[in-house]
Amino acid sequence: MHYRALGRTGWKVSEISFGAWAIGGAWGQVSDEESMAALHKAIDCGVNFIDTADVYGNGRSERLIARLRKERKEEIIVATKAGRRLPQQTVEGYSRQNLLAWIDDSLRHLSTERLDLVQLHCPPTALYSCPEVFGILDDLVRDGKIRRYGVSVEKVEEALKAIEFPNVQTVQIIFNCFRQRPAEVFFAKAKEKRVGILARVPLASGLLTGKLRRDSAFAENDHRNFNRRGAAFDVGETFSGVDYEIGLTAVEEIRKLLPAGVSMSQFALRWILMFDAVTCAIPGGKRAEQVVDNCRAPDVPALTRRRWQR
Ligand SMILES: NC(=O)c1ccc[n+]([C@@H]2O[C@H](COP(=O)([O-])OP(=O)(O)OC[C@H]3O[C@@H](n4cnc5c(N)ncnc54)[C@H](OP(=O)(O)O)[C@@H]3O)[C@@H](O)[C@H]2O)c1
């Protein structure tokens, strides 16, 4: 594993970290034992940073991570999120009272006295014109409830606004070879301000693993079934907003570029790591063998333009 500085936080985190949404829910049936095995394997592979959220399985993902921390002696930095418990996303919902309640829940689920990193969980765009909310987060840092904070965003424009707030330490954004806009308009600015970047949905919900087919079926409680048209949350999240059929066709083009001995997932992740503004990719891992596959990505030789543009 290789490590990169997470912005100005002083933490060095694994280039391949662990996305803990699927082990909480919304990705079909998962077993806690299999999820624990995946988490342990991640630590064995050198992962030291996990991304989760209060709403992933309503605390289930956070509780599994708390268990992991008890079972391991390595330092594991945990980034959680707050905001999606709101029945409707409004700026007013990000009140001091609500934020405190969400943070207290996460503290309990993660069995800790202070959260490492709290990210606002894709709040409405208008929130970035509300310095008061960031003032509340500053108070939470001062009061010792959280160490640092950042944001998870849907849009590049939100990312640009977020980093105007001086204590925003990280931005989590969808970034993969299907979604390249952050590299064009955001990365240079983030680098200038030394803001850490977490690349989420790095495998386009599994499309970039190359294993999905036209007739692949997804369980009823898997967002790849119920959110294809954005019925439950932002349409840009599932398959990273790419039409499924078009995505499959693009994947076949990418497959032709694959160096020998490299898996599609490793290739997709290595592509992301070619951008030095990115701190880490946070692929979702449900099973130990997926984690092992993904954690090999940093060892894939650097990709050359020639190979990519062939
Ligand atoms: N709004 C937000 O802040 C937000 C939104 C989305 C995601 N995230 C974060 O980003 C993380 C990653 O994004 P994501 O989970 O949406 O999608 P992703 O990483 O693009 O895809 C993850 C899925 O791909 C499959 N997979 C992973 N590695 C594999 C491998 N080596 N071989 C074959 N299949 C593999 C697994 O599903 P199957 O085995 O079922 O195929 C896994 O659940 C999440 O866990 C979460 O922490 C945050």
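These legends describe close-up views of a predicted model. Local features need pLDDT of at least 70 and side-chain atom pairs count only at pLDDT 80 or more, while totals for chains, interfaces and linings use all residues. Residues are numbered from 1 along each chain as its sequence is written, and side-chain values use heavy atoms, with hydrogens and water left out.

**View 1. The shell around the ligand.** Helices (H or I, at least four residues) and strands (E, at least two) are DSSP runs, numbered from the N terminus.

**View 2. Polar atoms at the ligand.** A polar side-chain atom of R224 lies 2.7 Å from a ligand oxygen atom. A polar backbone atom of S205 is 3.0 Å from an oxygen atom of the ligand. H121 places a polar side-chain atom 3.4 Å from a ligand nitrogen atom. On its own, the ligand has 890 Å² of accessible area (Shrake-Rupley method, 1.4 Å probe). The protein covers 94% of that area.

**View 3. The open sheet.** Eight strands run in the order β3-β4-β5-β6-β7-β8-β9-β10, with parallel pairing. Two strands pair if DSSP finds at least two bridges between them. β3 (18-19) and β10 (280-281) stand at the edges with a single partner strand each, so one side of each has no neighbour in the sheet. Strand β4 (residues 49-51) pairs with strand β5 (residues 77-82) over three bridges. I50 has V78 in β5 as its bridge partner.

**View 4. Two residues with positive phi.** Most residues other than glycine have a negative phi. N58 is not a glycine, yet its phi is positive, about 55°. N58 sits in the loop between β4 and α2 (60-71). S205 is not a glycine either, and has a positive phi of about 60°. S205 is found in the loop between β9 (196-200) and α8 (223-226).

How values were computed
A polar contact is a pair of N or O atoms within 3.5 Å; within protein, one must be able to donate a hydrogen and the other to accept it, and residues adjacent in sequence count only if both atoms are side-chain atoms.
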